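Here's a quick tour for anyone opening this structure for the first time. Have a look at the picture, then read on.

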Amino acid sequence: MPDLAVDLDLAFQALADPTRRRMVERLARGPASVSELAQPFAMSLPAIVQHLAMLEDSGLVRSEKVGRVRTCRIEPATLSMAEQWFNQRRVEWDQRLDRLGDHLNRFPDGEPT
């Protein structure tokens with residue numbers, strides 16, 4: 001079983017860059033070739049390939065080469081893992097805030113007796 005913390009670290013590190021986030025957003029709409037992904041960016045193709053390598057290393061994206069075209073696809077399982085991590089944090093904070101609200105509601109005039 002892969003180390004979840006390492007996988008999440010790589011995913012969040014990859015998503016920390018706005019260029020890579022835009023690439024992930026584009027791939028969420030469907031597969032795209034490297035040249036399609038590079039189109040909206042004012043950077044060299046080698047720079048785009050480096051960004052894609054980071055996304056692939058993190059497990060967020062996978063690619064395959066057919067002939068001369070490399071096509072990239074989103075890897076939903078990795079995104080789902082990150083989403084689960086956020087949801088767990090949200091549940092924890094909701095529970096803490098609920099307990100704080102319950103505690104504060106015990107003092108209707110705002111002061112403990």
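In what follows, "buried" means under 20% relative accessible area, "exposed" means over 50%, and "partly exposed" is anything in between (1.4 Å probe, protein chains only). Helices (H or I, at least four residues) and strands (E, at least two) are DSSP runs, numbered from the N terminus. This is a predicted model, where local features need pLDDT of at least 70 and side-chain atom pairs count only at pLDDT 80 or more, while totals for chains, interfaces and linings use all residues. Residues are numbered from 1 along each chain as its sequence is written, and side-chain values use heavy atoms, with hydrogens and water left out.

- Thr19, Arg20, Met23, Val24 and Leu27 are the buried residues to look for in α2.
- These residues sit on the same side of α2, because they cover an arc of only 140° around the axis (the arc is that of the directions from the helix axis to the C-beta atoms).
- Turn to the other side of α2 and you'll find Glu25 and Ala28, which are exposed.

- Aspartate 17 belongs to the loop between α1 (4–15) and α2 (18–28).
- Aspartate 17 is buried but has no salt bridge, and its nearest side chain of opposite charge, arginine 20, is 4.4 Å away. For charges, Lys and Arg count as positive and Asp and Glu as negative; His and the chain ends are not counted.

**The nonpolar core**

- A nonpolar core is a set of buried Ala, Val, Leu, Ile, Met, Phe, Trp, Tyr and Cys residues joined through side-chain atoms within 4.5 Å.
- The largest one here has 19 residues, and Leu27, Ile48, Leu52, Leu55, Leu60 and Cys72 have the most contacts inside it.
- At least two residues of this core come from each of α1, α2, α3 (34–38), α4 (45–58) and β3 (69–74).
- α4 gives the largest share, four residues.
- Leucine 27 touches Ala32, Leu37, Val61, Cys72, Arg73 and Ile74, leaving aside residues up to four places away in sequence; contact means heavy atoms within 4.5 Å.

**Salt bridges**

- How many salt bridges are there, if one is a side-chain nitrogen of Lys or Arg within 4 Å of a carboxyl oxygen of Asp or Glu? The count is three.
- Glutamate 75 and arginine 62 pair up through their side chains (2.8 Å, N to O). Glutamate 75 is in the loop between β3 and α5 (76–105) and arginine 62 is in strand β2 (residues 61–66), so this pair ties together parts 13 residues apart in sequence.
- Arginine 73 and glutamate 64 form a salt bridge too (3.1 Å, N to O).
- Glutamate 92 forms a salt bridge with arginine 89, with the closest N and O atoms 3.1 Å apart. Both lie in helix α5, three residues apart, about one turn of the helix.
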